[in-house]
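Here is a short tour of a protein fold, written for someone who likes to know what sits where. Have a look at the model below, and then we can walk through it together.

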Amino acid sequence: MKQQRINLERKIDDSYDLVIGTDLLLRIAENLRQKQLGTKYAIITDSNVRRLYADKLSDALNSEGLRNDIFYFRAGERSKRLGTCEALADRMSAEGYGRDCAVIALGGGVVTDMAGFIASGFNRGVPLVMVPSSLVAQADASIGGKTGVDTEHGKNLFGTFYQPKKVWLDIALLQTLPVEEIRNGLAETIKHGVIADKELFEYLNSNIEGLLAKTEADLLHIAEKNCVIKGNVVMADPDEKGMRRILNFGHTIGHAIEKLSGYKISHGPCVSIGMMAEARIAQKVTGFDSVRRLEELLAKTGLPVKIPSGMCSEAIMEAVKLDKKSKDHRPRYCLPTRIGHMSEFKGEYADYVNDKTVKKALQAAR
Ligand code: GLY
């Protein structure tokens, strides 16, 4: 027997900037001309965002002399599958895109997750720039390098960690969003308040009307807060070995509800219901004492707080077993101890909860 070692100890610097501002498309193009991330740029977007912003971004790139093409797919979570990625990658190859290109993800969470996944695999990986255009994507999905698609069995079950080169948070892009989409992103922002920042939670309580009216100052304020909170968690634990799990609050049950609804209920409302159920679990397990306050803020935002009628607890508990935090098919939950603080559970930041407690919390969330 012979043995040879492949020494692959590496030092990787994946650092990047999150840029927050308004009307940034021309700046993005100017910056890409300076950085030269690729010889040409694949703008990956969906059918909705294509109509609104893809041509504007493409024109901005053209004005800097940067070759680019728009590749789009039908908007909606149901497109977030491996088949869509393959079709997009094939179209890119057919247009002569190769390892020397870069991907620009322009859109909401479905686009940023899926374009990120394509960038991580296309020709074994090409540079990625995020231009999130929904509040969910600006608050969460575009930051931190999680990419992926849904499978038959659940949400985001196939994907990679792949950090972008830059994330551009253009508040102007939020102005065309319907209010439901703002609510969607506010669910993630409220989550950030619960897991890490009591002041943000209080701010949201006092300024929810301004946010729903898309007041620029309020949107800029929460963009900064979201970036700081999410950025700090990602810097502490980029590959989700422990602390990053706190970002899962509301998502363990929320993802199960999303899947069981056939993705007819959007992410934000599902996370909202998930937070209510998991807050009740926390009430029992960690002594979390702000279930009522959380319910009031979510309701004031116009987010649902009750599990849809007809969705039984047994089905939710079954779906939760496929959550990525599960071990040996046993789900683990990330739970707050108080507003602004999560339980560390001995460095795991997630723990098993007995079925009776989960079932009771699900019943109470009806
Ligand atoms: N969306 C949760 C995370 O980025 O970890």
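## A buried glutamate

Let us begin with one side chain. Glu 77 counts as buried, because its relative accessibility is 15% and the cut-off for buried is under 20%. Please keep in mind throughout that this is a predicted model.

Where does Glu 77 sit? The residue belongs to the loop that links S3 to helix H3 (82–94). Its side chain has a polar contact, at 3.0 Å, with the side chain of Lys 155. Leaving out residues up to four places away in sequence, Glu 77 touches Val 110, Asp 150, Lys 155, Glu 258 and Tyr 263. One of these, Glu 258, is itself a buried residue of helix H9, and we will come back to that helix below.

## The parallel sheet

Next comes the sheet, which is open and has six strands. Reading across, the order is S1-S8-S5-S4-S2-S3, and the pairing is parallel. At the edges are strand S1 (17–21) and strand S3 (67–73), each of which pairs on one side only. On average, neighbouring strands in this sheet are turned by 20° against each other, direction ignored. As a reminder, strands of a sheet pair through backbone hydrogen bonds, either parallel or antiparallel.

S2 and S3 are joined in the parallel sense by seven bridges, and Ala 42 has Asp 69 in S3 as its bridge partner. Moving on, strand S4 (residues 101–107) runs parallel to strand S5 (residues 128–132), with five bridges between them. Ile 104 has Val 129 in S5 as its bridge partner.

## A strand covered on both faces

How many of the seven residues of S4 are buried? Seven of the seven are, so the strand is largely enclosed by the rest of the structure. Both faces are covered: Cys 101, Val 103, Ala 105 and Gly 107 are buried on one side, and Ala 102, Ile 104 and Leu 106 on the other.

## Helices across the sheet

Helix H2 (residues 47–63) lies across strand S2 (40–46), S3 and S4, and runs at about 160° to S2. Together, S2, H2 and S3 form a right-handed β-α-β unit. Helix H4 (residues 109–121) lies across S2, S3, S4 and S5, at about 165° to S4. S4, H4 and S5 likewise build a right-handed β-α-β unit.

Helix H3 contributes Met 92, which is buried, with a relative accessible area of 0%. Leaving aside residues up to four places away in sequence, Met 92 touches Ala 42, Ile 44, Phe 71, Tyr 97, Cys 101, Val 103, Ile 118 and Phe 122.

## The enclosed helix H9

Now back to helix H9 (residues 251–260). Eight of its 10 residues are buried, so the helix is largely enclosed by the rest of the structure. The buried residues are His 251, Thr 252, Ile 253, Gly 254, His 255, Ala 256, Ile 257 and Glu 258.

What do the buried residues of H9 pack against? Their partners are strand S7 (154–161), helix H6 (179–196), helix H10 (267–285), helix H12 (313–320) and helix H13 (355–364). Just after H9, Gly 262 adopts a positive phi of about 70°.

## Where H6 meets H10

Two of those partners also meet each other. The axes of H6 and H10 come within 7 Å and cross at roughly 35°, and the crossing is left-handed. From H6, the contact uses Asn 184, Ala 187, Glu 188, Ile 190 and Lys 191. On the H10 side, His 267, Gly 268, Pro 269, Val 271 and Met 275 take part.

Definitions and conventions. Residues are numbered from 1 along each chain as its sequence is written. This is a predicted model: local features need pLDDT of at least 70, side-chain atom pairs count only at pLDDT 80 or more; totals for chains, interfaces and linings use all residues. Side-chain values use heavy atoms; hydrogens and water are left out. Two strands pair if DSSP finds at least two bridges between them. Helices (H or I, at least four residues) and strands (E, at least two) are DSSP runs, numbered from the N terminus. Axes are lines fitted to C-alpha atoms, for helices over the stretch in contact, and angles run from 0 to 180 degrees between N-to-C directions. Contact means heavy atoms within 4.5 Å. Buried means under 20% relative accessible area, exposed over 50%, partly exposed in between (1.4 Å probe, protein chains only). A crossover is right-handed if, with the strands pointing away from the viewer, the path from the first strand over the helix to the second runs clockwise. A polar contact is a pair of N or O atoms within 3.5 Å; within protein, one must be able to donate a hydrogen and the other to accept it, and residues adjacent in sequence count only if both atoms are side-chain atoms. A crossing is left-handed if the near helix is turned anticlockwise from the far one by less than a right angle, and right-handed if clockwise.
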